Amino acid sequence: RLSVMIPILMQHAPILRHEHVANALCRAAVPQAPTLIMQMAANCPAATQNLLRGCVTAYQMAEEFESLTSNSVSPTEEADRNASNLSDARDIARTAVESTKCLASLSRREALTAIRILKEQRVMDGLVLELMMNYDPIGAASFIVEKLSSSPLKPNATIHTTTMRPTSTRGHHETSDVKQSRRKCGVPLRQRMMNSQSVGIAQASVERVSANAETTRSRLLKELVEDKALAENARRFISQRIILLLKINESRGDIRLGEAALFIQAYALVVHSIGIGAGSSAGSGSKFVEDTMTAIGRLSGDERSSPDLPTRSSHDTIYKIAICATIATCCKYPPIGDSDGGSVIGGTAVKACLDCLRGLLLHPASVESVVFSSRLAGLIIGNDATNLRMVALENISPRDGSNNGHEKEETSQVANVCRWLSSKLLETGKLKSLHEMGLEVNSLVHDPVVAVEALRRSSSLKANELDDLLKNILADPNICAKIIQHPRVCALLQESVKMLVKRPAPHIPLVLPLSLERLAQSLPWDKIGADAESTSKSLSQFVLQLVYALDFLDRQPLSPFVINPRLFPLRESLAFLDSCHKNSKRKDSSFGALQVMLKELVPKHCRDVLHTMVNDYHLNQGHDELMVSHRHIVKPTMVCEAIRDCLKGGHSVDPSGLRAEEVFMICRSMYPCSEVDVAAVGAILATGNSQPKFYSYMALCKDPLVLLKSSAAVWKYRGVRCIILRILQDLMNANECIAMQSSVTASVASEYLAARDIIVFRSIVFACASGFVFGGCDTGETPRGRHCMMSVNMIRSIISKRRGIIAALIKQDLPDTCIDWIVEFVPESLSDAPIITSLLSEKGLLTATERLTAASAGLRIAVAHSVRGEVIAKMLVSVSTAVLMDSFTLVIDPIGVPVSILREENGQDVTNICREKMFRMIKTLSTVSPKNKDLKNEASITLAKIAALCKSENAVGGISGVAASKRKALLKEIWDTCVQANTALGGAMQM
């Protein structure tokens with residue numbers, strides 16, 4: 001009566017009420033619930049979707065409670081209640097599934113609607129698959145591929161929210177408070193579900209948690225494992241569809257490659273995930289294996305008698321999937337996968353597997369298929385079960401399907417398959433010949449993966465063959481130009497070097513230094529751009545050999561066969577790879593990978609190269625048009641000629657040297673920088689009519705101070721001066737790298753580099769400050785009127801990199817003009833303030849005049865650049881003024897002595913030197929900024945002290961004569977200078 005009354009009562013009820021009723025019937029889990037729900041749908045078709053949603057909601061709530069119950073740690077007294085609730089949850093879920101199945105059985109339209117809603121809600125995957133096998137075969141195969149090849153779900157990241165209506169605050173509170181959820185596990189399930197659904201499903205937000213906290217693939221896999229009937233139906237369905245496609249192909253001669261590949265992939269995933277089943281039927285066991293393997297072998301085969309295979313074929317995808325599906329079947333078929341590979345007894349099913357695999361491996365349809373089959377043959381011969389499993393899973397499960405928790409068991413099965421196949425195919429030699437096909441030129445150019453894996457597992461017997469193979473590749477520019485375009489070329493070079501290093505000594509690389517030097521010298525730099533194809537081939541060959549040689553240098557730095565990287569155009573090679581990578585349409589091009597690899601290797605031996613590349617990039621901007629117009633004529637010899645024409649003096653056609661600089665920069669952007677720099681240095685160091693001097697680039701790197709041997713007149717030409725500084729900067733960077741690598745300790749290298757930089761610094765500063773570079777020295781002229789910005793940049797870079805240079809130069813009595821120039825252009829000089837302060841604090845380190853000279857320079861630096869560091873500037877001012885006060889007696893001479901009796905060892909008058917420095921320091925104090933109150937107070941106090949000393953010395957009596965007159969005049973001059981300085985500071989102190 002109930003099955004009759006409820007549909008009658010609900011016939012005239014609002015449609016939305018059907019959802020509540022269906023949900024309540026499923027929660028009650030009565031046996032009649034599926035029939036009642038189906039009859040309500042038959043009486044009111046418009047309410048079918050609402051009924052379906054009620055079933056889905058009940059299923060989701062049951063699933064949520066089951067997950068919480070299984071994951072919670074309940075007290076002992078609640079264990080029985082939880083077990084009862086868990087049983088109720090499973091009954092509710094079962095009732096919801098049966099009810100949904102009854103709704104789908106009403107018509108095809110209702111079945112498709114149920115499929116759509118269940119897929120949207122991601123529930124009842126088993127029922128979805130069952131319905132799709134009946135109503136949408138292709139969709140069923142796609143559903144299997146989607147679910148079984150999905151990435152594993154991680155613990156604590158498997159909560160999905162399905163909002164049927166606007167979310168209530170109660171639903172959100174339940175998911176956010178874990179403790180409350182655990183307490184609810186002890187409440188009777190139906191009472192809890194009634195409480196949460198008391199106002200109807202319309203206000204509920206269903207939070208679904210995965211059934212297991214452990215990693216799982218998908219709910220479909222769980223249902224296939226638990227439901228043997230569903231698993232057998234799925235296997236039978238896929239097998240019959242593959243057989244049907246074979247019959248269509250044989251009868252019509254028209255193969256549906258996409259559909260066939262989809263079903264074979266679905267078959268492989270099902271077999272790999274749940275096995276082949278027991279018994280012998282169309283859906284499990286030996287008959288299932290035999291029928292499916294026979295169909296796959298005949299469906300995927302593509303006989304070709306022509307030796308000229310195309311690069312790619314439409315059969316490549318199905319070919320790869322079919323082979324991997326066959327391997328998966330062999331692994332899951334116990335007579336093969338569980339045996340030791342020696343004796344396999346399996347009857348016709350085993351023979352079908354062997355025939356299918358043999359037919360596919362030995363009859364590839366294209367070069368792509370040849371590479372794949374050759375790769376598998378190498379893995380089988382080498383019994384490399386781990387990588388063979390990975391390759392198979394990559395093709396049947398493109399997402400992350402390798403880490404499924406059964407790696408050890410599956411690897412053991414693959415190893416058994418390898419031994420079985422080796423025993424069947426190695427005797428005839430076909431497997432070995434198949435592997436050798438992947439090492440042919442056409443295959444290597446297409447994809448060198450076979451050679452890469454062969455190098456990884458190479459033995460001493462095959463090492464020479466692989467060496468000859470790679471040597472032939474690197475010796476042929478045509479092959480290099482093709483293989484460099486493949487992303488695996490880096491791995492090919494690295495594995496070759498690894499194989500070489502693993503052997504017993506001697507380790508002789510395939511690329512020797514002399515051969516690489518000859519190849520570098522033969523590169524047609526002058527034809528780049530004009531003949532792109534030939535130059536690209538030569539550069540590709542050079543880059544591959546260079547990367548190989550650098551990798552060998554990195555692994556065997558003490559070998560006598562390593563190269564000197566500085567002898568080769570490293571920057572140009574990186575620029576070539578960068579240009580090719582930018583022009584490539586693929587983001588993962590091999591040029592980008594080679595560029596990354598080269599950028600990792602180069603800094604280990606030539607750290608300065610990447611830095612200079614950045615400078616070259618900025619300097620070469622704006623020269624593109626000029627480079628194109630002069631590309632065919634600008635050579636290193638023309639740089640020599642341009643420099644020599646500039647240095648002719650009054651007869652020069654380039655009096656400023658700008659044309660020489662322009663030619664230098666254009667040539668440097670075309671030819672290797674080292675070659676151009678060597679040519680330019682030779683022309684600069686030549687004197688008069690002598691021939692250009694020759695220095696190797698390595699010799700220049702070891703001694704960059706050679707450039708300072710150039711004539712002083714060379715520095716007067718702006719363009720040539722810029723050339724010298726540009727080359728000197730690069731050579732100093734290279735020299736620093738060489739010094740750090742070759743020195744015994746870092747301190748030794750630091751001392752050498754500091755001495756070198758002091759020489760360069762002093763030479764450039766003197767050249768710029770003395771005035772001969774700019775046409776004479778006018779003492780009244782400010783430093784701003786005579787400067788070279790490139791010289792300033794170089795000086796600033798040296799000071800910022802090396803501390804203590806300013807202090808060392810001050811100690812060496814640098815001329816005042818140079819100090820003025822440094823103060824004007826080098827604000828980084830304040831970084832040496834702590835060193836100068838320490839130098840002035842120790843009285844025994846310097847003589848009296850040296851201390852006062854250093855104090856004068858330090859005071860100028862501190863006052864001029866105090867804004868860069870007020871604390872250290874104030875300390876330096878305090879120490880400098882203290883030295884000034886201590887030296888006051890030396891300034892005014894001993895009392896009653898008519899001549900200067902204090903002399904330095906070189907004969908200089910100490911009194912005059914100290915007197916000049918004192919007046920210079922007083923003048924410096926008058927320039928203190930009024931905004932800097934600390935320095936201003938320090939300056940005022942110092943001036944007041946000096947004025948007080950002048951008063952006290954002037955008040956001394958008993959002295960007459962010329963000496964007394966001179967002394968009084970000096971004291972008055974000092975007094976007047978202090979007053980003027982104090983007035984400049986605002987008259988803060990009373991004199």
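Which residues form a nonpolar patch on the surface? I found Val871, Ile872 and Met875, with about 270 Å² of accessible area together. For the record, patches are made of residues with over 30% relative accessible area and no salt bridge, joining nonpolar side chains (Val, Leu, Ile, Met, Phe, Trp, Tyr) within 5 Å and like charges within 9 Å. A salt bridge here is a side-chain nitrogen of Lys or Arg within 4 Å of a carboxyl oxygen of Asp or Glu. Accessible areas come from the Shrake-Rupley method with a 1.4 Å probe, and for residues only the protein chains shown count as cover.

Before going on, I noted that this is a predicted model, where local features need pLDDT of at least 70, side-chain atom pairs count only at pLDDT 80 or more, and totals for chains, interfaces and linings use all residues. Residues are numbered from 1 along each chain as its sequence is written, and side-chain values use heavy atoms, with hydrogens and water left out.

Helices (H or I, at least four residues) and strands (E, at least two) are DSSP runs, numbered from the N terminus. Met875 counts as partly exposed because its relative accessibility is 46%; buried means under 20% relative accessible area, exposed over 50%, and partly exposed in between (1.4 Å probe, protein chains only).

Next, the whole chain. I read off 49 helices and three strands. Of the 991 residues, 51% count as buried. The chain exposes about 45300 Å², and carbon and sulfur atoms supply 53% of that. Then contacts, meaning heavy atoms within 4.5 Å: among those with a separation of 6 or more, 76% are between residues 24 or more positions apart.

Is Ser540 buried or exposed? Ser540 is buried, because its relative accessibility is 2%. I found Ser540 in helix 29 (residues 532-555). Leaving out residues up to four places away in sequence, Ser540 touches Cys480, Ala481, Ile484 and Phe576.

Then I went looking for aromatic pairs. Rings of Phe, Tyr and Trp (its six-membered ring) pair if their centres lie within 6.5 Å; planes under 30 degrees apart count as stacked, over 60 as edge-to-face and the rest as tilted. The count comes to three aromatic pairs. One of them is Tyr267 with Phe288, centres 5.7 Å apart and planes at 50°, so I logged the pair as tilted. This pair links distant parts of the chain, with Tyr267 in helix 14 (residues 257-274) and Phe288 in helix 15 (residues 285-300), 21 residues apart. Both Tyr267 and Phe288 are buried.

Trp821 and Phe825 also form a tilted pair, at 5.1 Å centre to centre and 50° between the planes. I see both in helix 42 (residues 816-825), four residues apart, about one turn of the helix. Trp821 is buried with a relative accessible area of 0%, and Phe825 is buried at 5% relative accessibility.

Last, the backbone. Most residues other than glycine have a negative phi, and most peptide bonds are trans. Where did I find a cis peptide bond? It joins Ala505 and Pro506, with omega about 5°. Pro506 lies in the loop between helix 27 (489-502) and helix 28 (513-521).

Arg122 is not a glycine, but has a positive phi of about 60°. I found Arg122 in the loop between helix 6 (108-121) and helix 7 (125-135), partly exposed at 47% relative accessibility. Met124 is found in the loop between helix 6 and helix 7, and its phi is positive too, near 50°. Met124 is buried, at 1% relative accessibility.
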